[in-house]
2 protein chains.
Amino acid sequence: MPTISDVARAAGVSMSTVSYVLSGRRPISAETQARVKAAIAELGYHPHAGARALASSRTSVLALVVPLRVDVSVPVIMQFVTAVVTAARTYNHDVLLLTKDEGTAGLERVAGATMVDALIVMDVERDDVRIPALGRLKQPSVLIGLPDDAAGIACVDLDFAATAAECLRHLAGHGHRRIALVGPSPAVYERGTTYASRFLTGFTDAAAELGLDTVAHPCGPGAAGVRECLAEIDAELPEVSALVVHNEEALVPLLEELRASGRRVPEDLSIVAVCPRDVAVGLPVRLTSADIPAHDVGTLAVETAMNLLDGRRTPGTRLLAPTIVERDSCSSRD
Amino acid sequence: MPTISDVARAAGVSMSTVSYVLSGRRPISAETQARVKAAIAELGYHPHAGARALASSRTSVLALVVPLRVDVSVPVIMQFVTAVVTAARTYNHDVLLLTKDEGTAGLERVAGATMVDALIVMDVERDDVRIPALGRLKQPSVLIGLPDDAAGIACVDLDFAATAAECLRHLAGHGHRRIALVGPSPAVYERGTTYASRFLTGFTDAAAELGLDTVAHPCGPGAAGVRECLAEIDAELPEVSALVVHNEEALVPLLEELRASGRRVPEDLSIVAVCPRDVAVGLPVRLTSADIPAHDVGTLAVETAMNLLDGRRTPGTRLLAPTIVERDSCSSRD
DNA sequence: AGCGGTCGTCGAAGCGCTTCGACGATGGGG
DNA sequence: CCCCATCGTCGAAGCGCTTCGACGACCGCT
């Protein structure tokens, strides 16, 4: 492995000159640059990450904390992950993958050891113990999600309250007045994952504002969860004409259950789903959906982290506006 | 951030003593150890990863290369990833996440910069360009998968040929003689992902050996792919009584399509699927399946990497034996 | 002609850790 | 009783890089 001084010797310059060519932090003449770059290419030189980190106290690595045990759909998580990794690479950063189950210790380990420049944390809860821990680190962090007390922390997420309102507005625009929310699994609410409650609040508020008759129910896993949820909805809101489904896992069994019980979508029941586009179009009925912009959120999280690293002040919380895409699961009533 | 010399001063010993307490590479008296550990705890000392890497040329980081664009099911990939991350932590290592689309450059970057101690590479293809590149690195690597020429490289995977044979044996044991393989998407074959061809070869060989009538077809994405695949199977092998499905993505639309066309599982058609357990039990019909042991494979990959790092010789290729779990999708004929 | 200011480059001082050789202090064997 | 191991600890030399201060050379002014 050649070192920077091998390169310097080969190019007939000093180590510092090589370093400045690489970092661009001081002006170097075109000819010198060319000679240095040639030497680098010829020797196949790669700067040693550890040495660089030691001397500069920057690592070019981002930590990404992902949930391991999940009630939220795996493909969605993976979309966030790939968005973050891809975006990080555009800033010449790599991504160190931590799992949520390491809790606070994992954060402290990688931050304390100066393994990363910044942290991006997914799946934050209402009153997440990791938040105070993050505050104590010397590295900046960005949350994907929105805890109760987001003071002083950068947060990025979809605006779930607005999304719920938009779903209702869309259905109301098609003449629906009796609408039910099929929510995430009860476990998600209990854990205090705030996107669930933000969506629910948005749903309830918009329903009141629009003068709609609504009920909301969490929906447990599997066909059994779906059946139970539907039964409760039917009992509490007879002649419901539309469903807002904020639960990806429930989508397949839900459509199956409706089909089995002879209710056609959208003729008998309209559906607006909250899910990534590819899920919406991959089902037997192409669902009208509010997109979960995992890619945008992940990218924005990385950008925010980079701004923080550059000492730029950033808005504390960034909530992305919802987008509804009309497909085949929504009919009009009048 | 306290450094090792702060700790040394606080404990009244030299830096090297602190270092030896931490690494255990030289004997240190119990009293001294206690004093040092107390100082470490009190100061909240964390060794600086970069400095450590520079001095010792070991990073305690593993690179994991995952496929980004996938025809293989995302949850399965995620299972490998979590297995690798979890196993790595038991060896006090962290995981740097690379995506396959960076190709050879990504490997060379992290290896050249000494960011990682070893590499674990998923989704290797028949004649993967990354294999020669891996050979050139100074770090060892472990493949999850099996290329054509696995000489000199550590590989870990499920024994797909044996798995196929086992599936056929299971069905033959239930009296089935006319059996079709629903394979991965054509794209998977074209890309040269060898698990597909290994499975196919195992299927064909075992069919001959058992004297079965079989056909094999790849199965494109979505409901359309399934329909086409089934049509071809029915045309080429009338009165087929069982399906071996080696394609997770096809499972949902396949069951849907069978239901829609009035074929009951398992009364009219038996199915053995190749997929992780949770997928097999999460469908309308609980499928008899050959397990994809993502967790075991991931763990074994990490163990292999650690052995390699310790200079231990390891068997070049480790293929895990299949396990078939009987559920509700297989009926007997006689 | 003399002065200040860029520009391009160099030298050297660390960054925080590991590890090698050395060295007193014990202890056991001949 | 002496010698040689062994044990526990220390000092110092790097590991490969960044960065700060310095310093000629050269420019355009006055």
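How many nonpolar, polar and charged residues does the lining of the largest cavity have? I'll start there, noting that this is a predicted model.

The lining has 18 nonpolar, seven polar and six charged residues. The cavity itself, the largest one, has a volume of about 410 Å³. Of the 31 residues that line it, Val72(A), Val76(A), Phe80(A), Phe160(A) and Tyr195(A) are the closest to its centre. In chain A, helix 5 (74–90), strand 5 (154–158), helix 10 (194–210) and helix 12 (248–260) each supply at least two lining residues. Domain 2 (61–158 + 295–320) and domain 3 (160–292) of chain A both contribute to this lining, so the largest cavity lies between them.

Next, the second largest cavity, with about 240 Å³ of space. It is lined by 16 residues, and the closest to its centre are Ala49(A), Val61(A), Met115(A), Val61(B) and Met115(B). Helix 4 (49–56) of chain A and helix 4 (49–56) of chain B are the elements that give two or more residues to that lining. By class, the lining of the second largest cavity has ten nonpolar, six polar and no charged residues. In total, the count comes to four cavities of 30 Å³ or more.

Last, helix 1 of chain B, residues 4–11. Ile4(B), Val7(B), Ala8(B) and Ala11(B) are buried there. Seen down the helix axis, these buried residues fall within an arc of 100°, so they line one face of helix 1. What covers them includes helix 2 (15–23) and helix 3 (30–43) of chain B. On the other side of helix 1, Arg9(B) and Ala10(B) are exposed. Just after the helix, Gly12(B) takes a positive phi of about 70°.

Conventions: Residues are numbered from 1 along each chain as its sequence is written. Chains are lettered from A and ligands numbered from 1 in the order in which they are written. This is a predicted model: local features need pLDDT of at least 70, side-chain atom pairs count only at pLDDT 80 or more; totals for chains, interfaces and linings use all residues. Side-chain values use heavy atoms; hydrogens and water are left out. Buried means under 20% relative accessible area, exposed over 50%, partly exposed in between (1.4 Å probe, protein chains only). Helices (H or I, at least four residues) and strands (E, at least two) are DSSP runs, numbered from the N terminus. The arc is that of the directions from the helix axis to the C-beta atoms. Contact means heavy atoms within 4.5 Å. On a 1 Å grid over the protein atoms alone, a cavity is a set of points where a 1.4 Å probe fits but cannot get out, and a pocket is an open set with protein on both sides within 12 Å along at least five of seven lines; lining residues have an atom within 4 Å of a point. Grid points are joined across faces, edges and corners, and a volume is the space filled by probe spheres set on the points. Ala, Val, Leu, Ile, Met, Phe, Trp, Tyr, Cys and Pro count as nonpolar, Asp, Glu, Lys and Arg as charged, and the others, Gly among them, as polar. Domain bounds come from an automatic or database domain assignment.
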